[in-house]
Amino acid sequence: MKELNEKTMQFAQTYVAPHSDQADKEGTYPLESFTALKKEGYMGLIVPEAYGGQGLNLHAHATVIQALAQSCATTALCYMMHNVATMCVVLHGSDKMKEALLPKIAKGEISLALAFSETGTGTHFYQPEIALSKKNENYILNGKKSFVTAAGFVDYYMVLSSTLKKDGLDNWLVPDGSKGVTFQASQWDGLGMRGNASMPMYLENVTLDENDRVGAEGSGVTQVFEVVAPFFITGLAAVYTGVALHINDIAVAYSMNRKYSDGKSLSEIPTVQNHLAQIYKKAQGAKHFTTAASLSGSNMDADALTQIIAARVNASDVAVEVATLAMKIGGGAAYAKRLPLERLLRDALAAQVMAPSTDVLSIWLGKALTNQPIP
Ligand SMILES: Cc1cc2nc3c(=O)[nH]c(=O)nc-3n(C[C@H](O)[C@H](O)[C@H](O)COP(=O)(O)OP(=O)(O)OC[C@H]3O[C@@H](n4cnc5c(N)ncnc54)[C@H](O)[C@@H]3O)c2cc1C
(Lines give C-alpha, C1' and ligand atoms only; values in the text may rest on other atoms or scores of the structure.)
Protein backbone atom coordinates (compact mmCIF):
# COMPACT_ATOMS: atom_id res chain seq x y z
CA MET A 1 0.00 0.00 0.00
CA LYS A 2 2.97 2.30 0.62
CA GLU A 3 3.97 1.79 -2.99
CA LEU A 4 0.39 2.40 -4.22
CA ASN A 5 0.23 5.56 -2.12
CA GLU A 6 3.53 6.90 -3.45
CA LYS A 7 2.69 6.01 -7.05
CA THR A 8 -0.72 7.69 -6.79
CA MET A 9 0.68 10.78 -5.06
CA GLN A 10 3.14 11.19 -7.92
CA PHE A 11 0.43 10.51 -10.53
CA ALA A 12 -1.88 13.05 -8.89
CA GLN A 13 0.82 15.71 -8.70
CA THR A 14 1.48 15.32 -12.43
CA TYR A 15 -1.98 14.76 -13.89
CA VAL A 16 -4.57 15.91 -11.34
CA ALA A 17 -3.17 18.89 -9.40
CA PRO A 18 -2.72 21.08 -12.53
CA HIS A 19 -6.52 21.06 -13.10
CA SER A 20 -7.81 21.50 -9.54
CA ASP A 21 -7.75 25.29 -9.48
CA GLN A 22 -9.59 25.55 -12.79
CA ALA A 23 -12.21 23.00 -11.66
CA ASP A 24 -12.88 25.19 -8.61
CA LYS A 25 -12.76 28.62 -10.28
CA GLU A 26 -14.81 27.68 -13.33
CA GLY A 27 -16.94 25.00 -11.68
CA THR A 28 -15.96 22.53 -14.39
CA TYR A 29 -15.72 18.76 -14.09
CA PRO A 30 -12.03 17.73 -14.09
CA LEU A 31 -12.20 15.85 -17.38
CA GLU A 32 -8.42 15.82 -17.97
CA SER A 33 -7.84 14.25 -14.54
CA PHE A 34 -10.33 11.49 -15.37
CA THR A 35 -8.80 10.88 -18.78
CA ALA A 36 -5.49 10.28 -16.98
CA LEU A 37 -7.10 8.09 -14.30
CA LYS A 38 -8.70 5.96 -17.01
CA LYS A 39 -5.45 5.66 -18.95
CA GLU A 40 -3.48 4.60 -15.86
CA GLY A 41 -5.95 1.81 -14.94
CA TYR A 42 -7.28 3.44 -11.76
CA MET A 43 -10.94 2.95 -12.75
CA GLY A 44 -10.49 -0.82 -12.40
CA LEU A 45 -8.73 -0.67 -9.03
CA ILE A 46 -11.28 -2.90 -7.29
CA VAL A 47 -12.43 -4.84 -10.37
CA PRO A 48 -11.40 -8.50 -9.94
CA GLU A 49 -8.34 -9.59 -11.92
CA ALA A 50 -10.50 -12.15 -13.76
CA TYR A 51 -12.20 -9.18 -15.45
CA GLY A 52 -8.97 -7.32 -16.16
CA GLY A 53 -8.90 -5.13 -13.05
CA GLN A 54 -6.37 -4.81 -10.25
CA GLY A 55 -8.49 -6.86 -7.80
CA LEU A 56 -7.64 -4.64 -4.85
CA ASN A 57 -9.67 -4.05 -1.69
CA LEU A 58 -11.25 -1.41 0.57
CA HIS A 59 -7.87 -0.41 1.95
CA ALA A 60 -6.52 0.25 -1.57
CA HIS A 61 -9.72 2.21 -2.36
CA ALA A 62 -8.99 4.47 0.64
CA THR A 63 -5.27 4.72 -0.17
CA VAL A 64 -5.86 5.93 -3.73
CA ILE A 65 -8.66 8.33 -2.78
CA GLN A 66 -6.58 9.94 -0.03
CA ALA A 67 -3.64 10.41 -2.40
CA LEU A 68 -5.90 11.96 -5.07
CA ALA A 69 -7.54 14.26 -2.51
CA GLN A 70 -4.12 15.65 -1.62
CA SER A 71 -4.15 17.15 -5.12
CA CYS A 72 -7.86 17.65 -5.89
CA ALA A 73 -10.76 16.91 -3.55
CA THR A 74 -13.35 17.02 -6.34
CA THR A 75 -11.49 14.42 -8.41
CA ALA A 76 -11.12 12.16 -5.36
CA LEU A 77 -14.84 12.43 -4.55
CA CYS A 78 -16.03 11.65 -8.10
CA TYR A 79 -13.56 8.75 -8.33
CA MET A 80 -14.72 7.42 -4.98
CA MET A 81 -18.34 7.30 -6.17
CA HIS A 82 -17.32 5.40 -9.32
CA ASN A 83 -15.63 2.77 -7.13
CA VAL A 84 -18.68 2.44 -4.86
CA ALA A 85 -20.99 1.78 -7.81
CA THR A 86 -18.44 -0.59 -9.35
CA MET A 87 -18.27 -2.61 -6.13
CA CYS A 88 -22.07 -3.11 -6.19
CA VAL A 89 -21.68 -4.60 -9.68
CA VAL A 90 -18.72 -6.75 -8.56
CA LEU A 91 -20.54 -8.17 -5.53
CA HIS A 92 -24.16 -8.24 -6.70
CA GLY A 93 -24.25 -7.97 -10.50
CA SER A 94 -25.37 -10.97 -12.56
CA ASP A 95 -22.68 -12.83 -14.53
CA LYS A 96 -24.10 -11.20 -17.66
CA MET A 97 -23.79 -7.70 -16.18
CA LYS A 98 -20.29 -8.36 -14.87
CA GLU A 99 -19.09 -9.73 -18.19
CA ALA A 100 -20.59 -6.77 -20.04
CA LEU A 101 -19.32 -4.00 -17.75
CA LEU A 102 -16.34 -4.96 -15.64
CA PRO A 103 -13.77 -5.44 -18.45
CA LYS A 104 -14.80 -2.06 -19.88
CA ILE A 105 -14.50 -0.42 -16.44
CA ALA A 106 -11.06 -2.00 -15.99
CA LYS A 107 -9.92 -0.64 -19.36
CA GLY A 108 -11.20 2.83 -18.45
CA GLU A 109 -13.77 2.74 -21.25
CA ILE A 110 -16.72 3.41 -18.97
CA SER A 111 -17.34 4.99 -15.57
CA LEU A 112 -20.23 5.11 -13.10
CA ALA A 113 -21.96 7.54 -10.74
CA LEU A 114 -24.42 7.33 -7.85
CA ALA A 115 -27.96 8.69 -8.17
CA PHE A 116 -29.30 7.96 -4.70
CA SER A 117 -30.32 11.14 -2.83
CA GLU A 118 -33.75 12.71 -3.24
CA THR A 119 -35.25 15.94 -1.95
CA GLY A 120 -38.04 14.15 -0.08
CA THR A 121 -35.70 12.10 2.10
CA GLY A 122 -32.51 14.22 2.01
CA THR A 123 -29.61 12.79 3.91
CA HIS A 124 -31.55 9.52 4.44
CA PHE A 125 -30.75 8.41 0.88
CA TYR A 126 -31.56 4.79 1.65
CA GLN A 127 -35.27 5.74 1.66
CA PRO A 128 -35.90 6.51 -2.04
CA GLU A 129 -39.33 7.68 -3.13
CA ILE A 130 -39.05 7.64 -6.93
CA ALA A 131 -41.76 5.54 -8.51
CA LEU A 132 -41.09 2.09 -9.93
CA SER A 133 -43.75 0.33 -11.98
CA LYS A 134 -43.86 -2.68 -14.28
CA LYS A 135 -45.35 -3.02 -17.75
CA ASN A 136 -45.08 -6.47 -19.29
CA GLU A 137 -41.39 -7.37 -18.94
CA ASN A 138 -40.26 -3.78 -18.49
CA TYR A 139 -39.63 -1.73 -15.35
CA ILE A 140 -40.36 1.99 -15.46
CA LEU A 141 -38.79 4.69 -13.29
CA ASN A 142 -40.31 8.11 -12.69
CA GLY A 143 -39.05 10.80 -10.33
CA LYS A 144 -36.14 13.06 -9.47
CA LYS A 145 -32.75 12.51 -7.86
CA SER A 146 -31.48 15.64 -6.15
CA PHE A 147 -27.67 15.45 -6.41
CA VAL A 148 -25.85 13.29 -8.95
CA THR A 149 -22.11 13.91 -8.88
CA ALA A 150 -20.43 13.62 -12.30
CA ALA A 151 -23.82 13.99 -14.02
CA GLY A 152 -23.33 14.05 -17.77
CA PHE A 153 -19.77 12.73 -17.55
CA VAL A 154 -20.29 9.02 -16.89
CA ASP A 155 -21.73 6.09 -18.79
CA TYR A 156 -24.06 4.61 -16.15
CA TYR A 157 -26.01 5.99 -13.19
CA MET A 158 -26.70 3.72 -10.26
CA VAL A 159 -30.27 4.58 -9.27
CA LEU A 160 -31.85 3.41 -6.03
CA SER A 161 -35.63 2.87 -5.99
CA SER A 162 -38.21 1.12 -3.87
CA THR A 163 -39.00 -2.41 -5.00
CA LEU A 164 -42.21 -3.96 -6.28
CA LYS A 165 -41.71 -6.70 -3.72
CA LYS A 166 -43.24 -6.09 -0.32
CA ASP A 167 -40.03 -4.87 1.31
CA GLY A 168 -36.63 -3.72 0.21
CA LEU A 169 -35.02 -1.59 -2.47
CA ASP A 170 -33.86 -2.13 -6.01
CA ASN A 171 -30.58 -0.84 -7.38
CA TRP A 172 -30.59 -0.07 -11.11
CA LEU A 173 -27.97 0.84 -13.68
CA VAL A 174 -29.39 3.46 -16.01
CA PRO A 175 -27.27 4.02 -19.13
CA ASP A 176 -26.34 7.60 -19.94
CA GLY A 177 -28.51 8.89 -22.77
CA SER A 178 -31.48 6.70 -21.82
CA LYS A 179 -34.78 8.04 -23.11
CA GLY A 180 -36.45 10.06 -20.35
CA VAL A 181 -33.24 10.99 -18.47
CA THR A 182 -32.39 14.69 -18.20
CA PHE A 183 -30.16 16.76 -15.92
CA GLN A 184 -30.67 20.26 -14.56
CA ALA A 185 -27.26 21.48 -15.64
CA SER A 186 -27.65 24.97 -14.19
CA GLN A 187 -28.12 23.64 -10.70
CA TRP A 188 -24.55 22.99 -9.56
CA ASP A 189 -22.90 26.07 -8.08
CA GLY A 190 -21.66 24.54 -4.85
CA LEU A 191 -19.74 26.38 -2.16
CA GLY A 192 -16.98 23.80 -2.53
CA MET A 193 -16.40 20.64 -4.51
CA ARG A 194 -17.13 22.90 -7.43
CA GLY A 195 -15.93 20.53 -10.14
CA ASN A 196 -18.41 17.86 -9.07
CA ALA A 197 -21.24 18.57 -11.50
CA SER A 198 -23.65 17.35 -8.79
CA MET A 199 -26.88 18.01 -10.64
CA PRO A 200 -30.50 17.02 -10.20
CA MET A 201 -31.51 14.12 -12.47
CA TYR A 202 -35.04 13.71 -13.82
CA LEU A 203 -36.36 10.28 -14.78
CA GLU A 204 -39.49 10.35 -16.92
CA ASN A 205 -40.80 6.94 -17.94
CA VAL A 206 -37.28 5.56 -18.09
CA THR A 207 -37.74 2.00 -19.30
CA LEU A 208 -35.46 -0.74 -18.07
CA ASP A 209 -35.56 -4.50 -17.93
CA GLU A 210 -34.52 -7.22 -15.50
CA ASN A 211 -30.93 -7.14 -16.81
CA ASP A 212 -30.51 -3.52 -15.72
CA ARG A 213 -31.11 -4.31 -12.07
CA VAL A 214 -27.98 -4.87 -9.96
CA GLY A 215 -28.64 -8.04 -7.98
CA ALA A 216 -31.86 -9.79 -7.10
CA GLU A 217 -35.16 -7.97 -6.75
CA GLY A 218 -35.26 -6.30 -3.30
CA SER A 219 -31.51 -6.75 -2.67
CA GLY A 220 -30.85 -2.98 -2.66
CA VAL A 221 -30.99 -2.79 1.13
CA THR A 222 -28.25 -5.40 1.46
CA GLN A 223 -26.21 -3.55 -1.15
CA VAL A 224 -26.64 -0.22 0.65
CA PHE A 225 -25.55 -1.54 4.02
CA GLU A 226 -22.97 -4.14 3.01
CA VAL A 227 -21.34 -2.49 -0.01
CA VAL A 228 -22.27 1.18 -0.35
CA ALA A 229 -21.90 1.96 3.37
CA PRO A 230 -18.36 0.59 3.88
CA PHE A 231 -17.00 1.81 0.54
CA PHE A 232 -18.72 5.20 0.63
CA ILE A 233 -18.12 6.03 4.29
CA THR A 234 -14.48 4.89 4.13
CA GLY A 235 -14.15 6.79 0.86
CA LEU A 236 -15.38 10.01 2.49
CA ALA A 237 -12.95 9.48 5.38
CA ALA A 238 -10.16 9.19 2.80
CA VAL A 239 -11.24 12.27 0.81
CA TYR A 240 -11.26 14.50 3.90
CA THR A 241 -8.08 13.00 5.32
CA GLY A 242 -6.43 13.89 2.00
CA VAL A 243 -7.82 17.42 2.24
CA ALA A 244 -6.42 17.77 5.80
CA LEU A 245 -2.98 16.52 4.72
CA HIS A 246 -3.00 18.92 1.78
CA ILE A 247 -3.82 21.81 4.11
CA ASN A 248 -0.95 20.78 6.39
CA ASP A 249 1.52 20.90 3.49
CA ILE A 250 0.33 24.33 2.35
CA ALA A 251 0.39 25.79 5.87
CA VAL A 252 3.93 24.55 6.56
CA ALA A 253 5.29 25.79 3.21
CA TYR A 254 3.57 29.17 3.48
CA SER A 255 4.73 29.77 7.06
CA MET A 256 8.33 29.20 5.98
CA ASN A 257 8.16 31.23 2.78
CA ARG A 258 6.28 34.27 4.05
CA LYS A 259 9.02 36.64 5.23
CA TYR A 260 8.84 40.03 6.99
CA SER A 261 11.16 42.95 6.21
CA ASP A 262 13.51 41.86 8.99
CA GLY A 263 14.01 38.53 7.19
CA LYS A 264 12.09 36.50 9.77
CA SER A 265 9.43 34.07 8.63
CA LEU A 266 5.98 33.33 10.02
CA SER A 267 7.25 29.92 11.08
CA GLU A 268 9.45 31.58 13.71
CA ILE A 269 6.43 32.94 15.60
CA PRO A 270 5.39 30.70 18.53
CA THR A 271 1.65 31.10 17.90
CA VAL A 272 2.11 30.02 14.29
CA GLN A 273 4.25 27.10 15.46
CA ASN A 274 1.44 26.13 17.80
CA HIS A 275 -1.13 26.29 14.97
CA LEU A 276 1.16 24.20 12.76
CA ALA A 277 1.52 21.65 15.55
CA GLN A 278 -2.27 21.44 15.92
CA ILE A 279 -2.76 21.03 12.17
CA TYR A 280 -0.08 18.34 11.94
CA LYS A 281 -1.42 16.45 14.96
CA LYS A 282 -4.99 16.48 13.66
CA ALA A 283 -4.12 15.63 10.03
CA GLN A 284 -1.79 12.79 11.04
CA GLY A 285 -4.40 11.52 13.49
CA ALA A 286 -6.98 11.43 10.68
CA LYS A 287 -4.49 9.65 8.41
CA HIS A 288 -3.75 6.91 10.93
CA PHE A 289 -7.40 6.50 11.92
CA THR A 290 -8.60 6.28 8.30
CA THR A 291 -5.84 3.80 7.47
CA ALA A 292 -6.69 1.65 10.49
CA ALA A 293 -10.42 1.77 9.71
CA SER A 294 -9.97 0.82 6.06
CA LEU A 295 -7.68 -2.05 7.08
CA SER A 296 -10.24 -3.12 9.64
CA GLY A 297 -12.91 -3.10 6.91
CA SER A 298 -10.70 -5.06 4.50
CA ASN A 299 -10.05 -7.66 7.21
CA MET A 300 -13.77 -7.69 8.09
CA ASP A 301 -12.97 -7.17 11.76
CA ALA A 302 -15.87 -7.37 14.18
CA ASP A 303 -15.62 -3.64 14.96
CA ALA A 304 -15.02 -2.55 11.34
CA LEU A 305 -18.31 -0.63 11.07
CA THR A 306 -17.76 1.51 14.16
CA GLN A 307 -14.14 2.12 13.11
CA ILE A 308 -15.21 3.26 9.65
CA ILE A 309 -18.02 5.52 10.86
CA ALA A 310 -15.79 7.10 13.53
CA ALA A 311 -12.94 7.61 11.04
CA ARG A 312 -15.30 9.35 8.59
CA VAL A 313 -16.77 11.68 11.25
CA ASN A 314 -13.27 12.38 12.58
CA ALA A 315 -11.77 13.16 9.15
CA SER A 316 -14.71 15.44 8.30
CA ASP A 317 -14.33 17.42 11.53
CA VAL A 318 -10.54 17.52 11.20
CA ALA A 319 -10.66 18.87 7.64
CA VAL A 320 -12.79 21.84 8.71
CA GLU A 321 -10.74 22.45 11.88
CA VAL A 322 -7.35 22.43 10.15
CA ALA A 323 -8.66 24.53 7.27
CA THR A 324 -9.87 27.14 9.79
CA LEU A 325 -6.51 27.16 11.61
CA ALA A 326 -4.59 27.32 8.33
CA MET A 327 -6.65 30.32 7.25
CA LYS A 328 -5.21 32.14 10.28
CA ILE A 329 -1.66 31.27 9.21
CA GLY A 330 -2.42 32.31 5.65
CA GLY A 331 -3.68 35.68 6.89
CA GLY A 332 -4.73 38.22 4.27
CA ALA A 333 -3.12 36.24 1.47
CA ALA A 334 -5.37 33.26 2.24
CA TYR A 335 -8.42 35.45 2.62
CA ALA A 336 -7.67 37.18 -0.69
CA LYS A 337 -7.62 33.71 -2.31
CA ARG A 338 -3.92 33.90 -3.17
CA LEU A 339 -3.49 30.50 -1.51
CA PRO A 340 -5.68 27.43 -2.12
CA LEU A 341 -6.62 27.32 1.57
CA GLU A 342 -10.02 28.98 1.20
CA ARG A 343 -10.87 26.47 -1.55
CA LEU A 344 -9.94 23.63 0.79
CA LEU A 345 -12.06 25.13 3.57
CA ARG A 346 -15.04 25.24 1.18
CA ASP A 347 -14.33 21.69 -0.01
CA ALA A 348 -14.08 20.54 3.61
CA LEU A 349 -17.50 21.95 4.51
CA ALA A 350 -19.18 19.46 2.14
CA ALA A 351 -18.06 16.66 4.46
CA GLN A 352 -20.58 17.42 7.14
CA VAL A 353 -23.65 17.37 4.86
CA MET A 354 -22.84 14.52 2.50
CA ALA A 355 -25.08 11.55 3.24
CA PRO A 356 -25.11 9.99 5.66
CA SER A 357 -24.19 13.31 7.27
CA THR A 358 -21.80 13.50 10.21
CA ASP A 359 -24.74 14.24 12.55
CA VAL A 360 -26.62 11.17 11.37
CA LEU A 361 -23.49 9.01 11.48
CA SER A 362 -22.71 10.15 15.03
CA ILE A 363 -26.14 8.92 16.11
CA TRP A 364 -25.51 5.61 14.28
CA LEU A 365 -22.17 5.31 16.03
CA GLY A 366 -23.73 5.81 19.45
CA LYS A 367 -26.34 3.19 18.62
CA ALA A 368 -23.82 0.70 17.24
CA LEU A 369 -21.65 1.08 20.35
CA THR A 370 -24.61 0.24 22.55
CA ASN A 371 -25.90 -2.64 20.42
CA GLN A 372 -28.93 -0.75 19.14
CA PRO A 373 -30.06 -1.29 15.54
CA ILE A 374 -29.08 1.37 13.02
CA PRO A 375 -31.19 1.88 9.86
C1 LIG B 1 -20.80 17.95 -2.91
C2 LIG B 1 -21.95 17.01 -2.83
C3 LIG B 1 -22.00 15.93 -3.69
C4 LIG B 1 -23.05 15.02 -3.63
N5 LIG B 1 -23.07 13.97 -4.49
C6 LIG B 1 -24.09 13.07 -4.45
C7 LIG B 1 -24.14 11.97 -5.36
O8 LIG B 1 -23.29 11.78 -6.21
N9 LIG B 1 -25.17 11.11 -5.27
C10 LIG B 1 -26.15 11.27 -4.35
O11 LIG B 1 -27.05 10.42 -4.32
N12 LIG B 1 -26.15 12.31 -3.48
C13 LIG B 1 -25.14 13.21 -3.50
N14 LIG B 1 -25.14 14.29 -2.65
C15 LIG B 1 -26.25 14.47 -1.72
C16 LIG B 1 -25.87 14.22 -0.27
O17 LIG B 1 -25.29 12.97 -0.14
C18 LIG B 1 -27.06 14.40 0.66
O19 LIG B 1 -28.03 13.48 0.38
C20 LIG B 1 -27.61 15.76 0.56
O21 LIG B 1 -26.59 16.70 0.72
C22 LIG B 1 -28.65 15.95 1.63
O23 LIG B 1 -29.06 17.29 1.53
P24 LIG B 1 -30.39 17.84 2.20
O25 LIG B 1 -30.28 19.30 2.16
O26 LIG B 1 -31.60 17.24 1.61
O27 LIG B 1 -30.22 17.32 3.70
P28 LIG B 1 -31.31 17.22 4.80
O29 LIG B 1 -31.79 15.81 4.88
O30 LIG B 1 -32.31 18.31 4.67
O31 LIG B 1 -30.43 17.48 6.12
C32 LIG B 1 -30.10 18.81 6.56
C33 LIG B 1 -29.36 18.71 7.87
O34 LIG B 1 -30.18 18.07 8.85
C35 LIG B 1 -29.48 17.01 9.45
N36 LIG B 1 -30.38 15.88 9.73
C37 LIG B 1 -31.36 15.39 8.94
N38 LIG B 1 -31.93 14.32 9.52
C39 LIG B 1 -31.27 14.10 10.67
C40 LIG B 1 -31.42 13.14 11.73
N41 LIG B 1 -32.35 12.19 11.69
N42 LIG B 1 -30.56 13.23 12.76
C43 LIG B 1 -29.62 14.21 12.84
N44 LIG B 1 -29.46 15.15 11.88
C45 LIG B 1 -30.27 15.10 10.82
C46 LIG B 1 -28.42 16.57 8.43
O47 LIG B 1 -27.32 16.04 9.10
C48 LIG B 1 -28.07 17.87 7.74
O49 LIG B 1 -27.01 18.50 8.42
C50 LIG B 1 -24.10 15.22 -2.69
C51 LIG B 1 -24.05 16.32 -1.83
C52 LIG B 1 -23.00 17.21 -1.90
C53 LIG B 1 -22.99 18.38 -0.97
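Take Tyr-126: does it count as buried or exposed, and at what relative accessibility?

Guide: Tyr-126 counts as buried, at 10% relative accessibility. Bear in mind that the model is predicted. The cut-off for buried is under 20% relative accessible area, so Tyr-126 qualifies.

Start with the neighbouring ring. Phe-125 also counts as buried, at 8% relative accessibility. The ring centres of Phe-125 and Tyr-126 are 5.5 Å apart. Their planes stand at 75°, so the pair is edge-to-face.

Now widen the view. Phe-125 and Tyr-126 belong to one aromatic cluster, together with Phe-116, Phe-225 and Trp-364. Across the whole structure, a search finds 12 aromatic pairs. One of them is stacked: Tyr-29 with Phe-153, at 4.2 Å centre to centre and 10° between the planes. That pair links distant parts of the chain, 124 residues apart. Tyr-29 lies in the loop between α2 and α3, and Phe-153 in the loop between β3 and β4. Tyr-29 is buried, with a relative accessible area of 8%. Phe-153 counts as partly exposed, at 32%.

Rings also meet charges. The charged end of Arg-213 sits over the ring of Tyr-139, 5.9 Å from the ring centre. Arg-258 lies over the face of Tyr-260, at 4.3 Å from the ring centre.

Back to the cluster, and on to the ligand. Phe-116, a member of the cluster, places a backbone N or O atom 2.9 Å from an oxygen atom of the ligand. A polar backbone atom of Thr-123 is 2.8 Å from a ligand oxygen. The side chain of His-124 has an N or O atom 2.9 Å from a nitrogen atom of the ligand. There are 21 residues around the ligand. Those that come nearest are Leu-114, Ser-117, Thr-123, Thr-149 and Ser-357.

Next, the backbone at Pro-356. A cis peptide bond joins Ala-355 and Pro-356, with omega about -15°. Pro-356 is placed in the loop between α10 and α11. Most peptide bonds are trans, and most residues other than glycine have a negative phi. Two residues with positive phi deserve a look here. Met-193 has phi near 45°. Its place is in the loop between β6 and β7, and Met-193 is buried, with a relative accessible area of 2%. Asn-371 has phi near 60°. Asn-371 sits in the segment after α11 and is exposed, at 73%.

The helix α10 is worth a stop too. It spans residues 341-349 and is mostly covered, with 7 of its 9 residues buried. Among the buried residues are Glu-342, Arg-343, Arg-346 and Asp-347. The cover includes α2, α5, α7 and α9.

Last, the cysteines. The disulfide count comes to 0. Cys-72 is in no disulfide, and the nearest cysteine sulfur, that of Cys-78, is 8.1 Å away. Cys-72 counts as buried, at 4% relative accessibility. The sulfur of Cys-88 is 17 Å from the closest cysteine sulfur, in Cys-78, which is too far for a bond. Cys-88 is buried as well, with a relative accessible area of 0%.

Conventions. Residues are numbered from 1 along each chain as its sequence is written. This is a predicted model: local features need pLDDT of at least 70, side-chain atom pairs count only at pLDDT 80 or more; totals for chains, interfaces and linings use all residues. Side-chain values use heavy atoms; hydrogens and water are left out. Buried means under 20% relative accessible area, exposed over 50%, partly exposed in between (1.4 Å probe, protein chains only). Helices (H or I, at least four residues) and strands (E, at least two) are DSSP runs, numbered from the N terminus. Contact means heavy atoms within 4.5 Å. A disulfide is a pair of cysteine sulfur atoms within 2.5 Å. Rings of Phe, Tyr and Trp (its six-membered ring) pair if their centres lie within 6.5 Å; planes under 30 degrees apart count as stacked, over 60 as edge-to-face and the rest as tilted. A charge sits over a ring if NZ of Lys or CZ of Arg is within 6 Å of the ring centre and within 35 degrees of the ring normal. A residue is near a molecule or strand if one of its heavy atoms lies within 4 Å of it. A polar contact is a pair of N or O atoms within 3.5 Å; within protein, one must be able to donate a hydrogen and the other to accept it, and residues adjacent in sequence count only if both atoms are side-chain atoms.
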